[in-house]
Amino acid sequence: MNESPRSLPPVSKVSPAPRHLMWLILPLVVLAAAVLWLLQSDPLQGFNNGAPPVENLTVERTVLDQDGLRMLVRAGGSEPMAIAQVQVDAAYWQFAQEPAGTISRGDTAWVAIPFPWVLGEAHRVTFVTKTGATFDHEIPVAVPTPKISQSALVSQGVLGVFVGILPVAIGLLCYPALRGAGRKTMTFLLAMTVGLLAFLLVDTIIEALEFANQAAAIFQGSVMVVLVAAMSFLALVAVGRRHGSPTGLALASYIALGIGLHNFGEGLAIGAAFAAGAAGLGTFLVLGFALHNITEGIGIAAPILKIRPKLVHFVGLTLLAGGPAVLGIWLGSLAVAPHWTAIALAIGAGAIAQVIVEVAALLARDGNRKEYTQVLSPAAFAGIAAGLAFMYVTAMLVKI
């Protein structure tokens, strides 16, 4: 008798996972074999014409104190490099390197030179490698590098309050006067916010690229800035759109965050300029920064004119937008490496771009209807132009 179908053993299905895993491992095995063969056989030896390897050296930090000069250098190029000699103002000087010996690609080392630098003078340091390559570093104005002390932190904090927190607070003080704004005034204020943010976006990207060019070539400065800004933008859009487009206090918080990240990068640049002796602290400069940033407070207030936030909300928005300037000046005065400043500015650029998208979307909506009419109105064009013009004119007061 034939067995019934029910008595047949079940057919087992083989999972395709092991097969997929094998095809994943196989390319890695081939790559490892190719690398091993390349290292052992050295097929590139035939291309060796006796030319020295490509070298690169970047000075990331410069410290001036009573003992002379100390510099943090980062090696680039295709091979490890060694510093053979150091010149200061065309004269050879003894130096001490920590750690000693060759510097591997991407690594850093401190170079100490017992050079009696002169206050207020310019000095040129030249590094000579064992291959004969030379790399120059300019000290535009020799001044003692600030040290961490209570008095220094207080002075830098006061400066940060004047250029960051105070202007935003003054702008937010306009909130009661703007509460009775009509529809056209609201459109003008939101458009002005877009204009000032657009200026900050361009200014931030330019500053980030300038610092990226000063960084070691191994960081691929321009590409790094673009990638970091894009990741910052996408991350903030993803967070901000979790519950739909942000409005009201949420949108004001995002504006304050974007401005705060910009002010952090700006603070790094100010602190680094003072530490390097590239700029003197003057009353006109501080007032210029304050005037330049007042409009930022008005821009933060624009999305919350139809609601009544609490006092703690205004304090939080002020600290979120202006507080990072204090932290930036503190870190910048300690000579933070250029690539970190470029990264901070790039993050700020991405945040500002995200805020521009959200404010423009709010501006474009006509009441509760999703009809994009306000963005084409004369009030919108006037607001964007006013924001750009004010930021451009006041920026001339703060360029150092």
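This briefing covers a surface patch, a helix pair and some backbone features. The model is predicted. Seven nonpolar residues, Val154, Val158, Val161, Phe162, Leu166, Ile170 and Leu173, form a patch on the surface. Helices α5 and α9 pack with their axes 7 Å apart, and the peptide bond from Glu98 to Pro99 is cis.

**Nonpolar surface patch**
- The patch members together have about 580 Å² of accessible area.
- Phe162, one of the patch residues, is found in helix α2, which spans residues 150-172.
- The relative accessible area of Phe162 is 39%, so this residue counts as partly exposed, the class between 20% and 50%.

**Helix packing**
- Helix α5 covers residues 221-240 and helix α9 covers residues 338-364; the angle between them is about 40 degrees.
- The crossing in which α5 passes α9 is right-handed.

- Pro99 lies in the loop between β5 (96-98) and β6 (108-113).

- Asp89 is not a glycine, yet its phi is positive, at about 55 degrees.
- Asp89 sits between β3 (83-88) and β4 (91-93), and its relative accessibility of 38% makes it partly exposed.
- Ala90, also not a glycine, has a positive phi of about 70 degrees.
- Ala90 is placed in the loop between β3 and β4; its relative accessible area is 69%, which is over the 50% cut-off, so Ala90 counts as exposed.

Notes. Residues are numbered from 1 along each chain as its sequence is written. This is a predicted model: local features need pLDDT of at least 70, side-chain atom pairs count only at pLDDT 80 or more; totals for chains, interfaces and linings use all residues. Side-chain values use heavy atoms; hydrogens and water are left out. Patches are made of residues with over 30% relative accessible area and no salt bridge: like charges are joined within 9 Å, nonpolar side chains (Val, Leu, Ile, Met, Phe, Trp, Tyr) within 5 Å. Accessible areas come from the Shrake-Rupley method with a 1.4 Å probe; for residues, only the protein chains shown count as cover. A salt bridge is a side-chain nitrogen of Lys or Arg within 4 Å of a carboxyl oxygen of Asp or Glu. Helices (H or I, at least four residues) and strands (E, at least two) are DSSP runs, numbered from the N terminus. Buried means under 20% relative accessible area, exposed over 50%, partly exposed in between (1.4 Å probe, protein chains only). Axes are lines fitted to C-alpha atoms, for helices over the stretch in contact, and angles run from 0 to 180 degrees between N-to-C directions. A crossing is left-handed if the near helix is turned anticlockwise from the far one by less than a right angle, and right-handed if clockwise.
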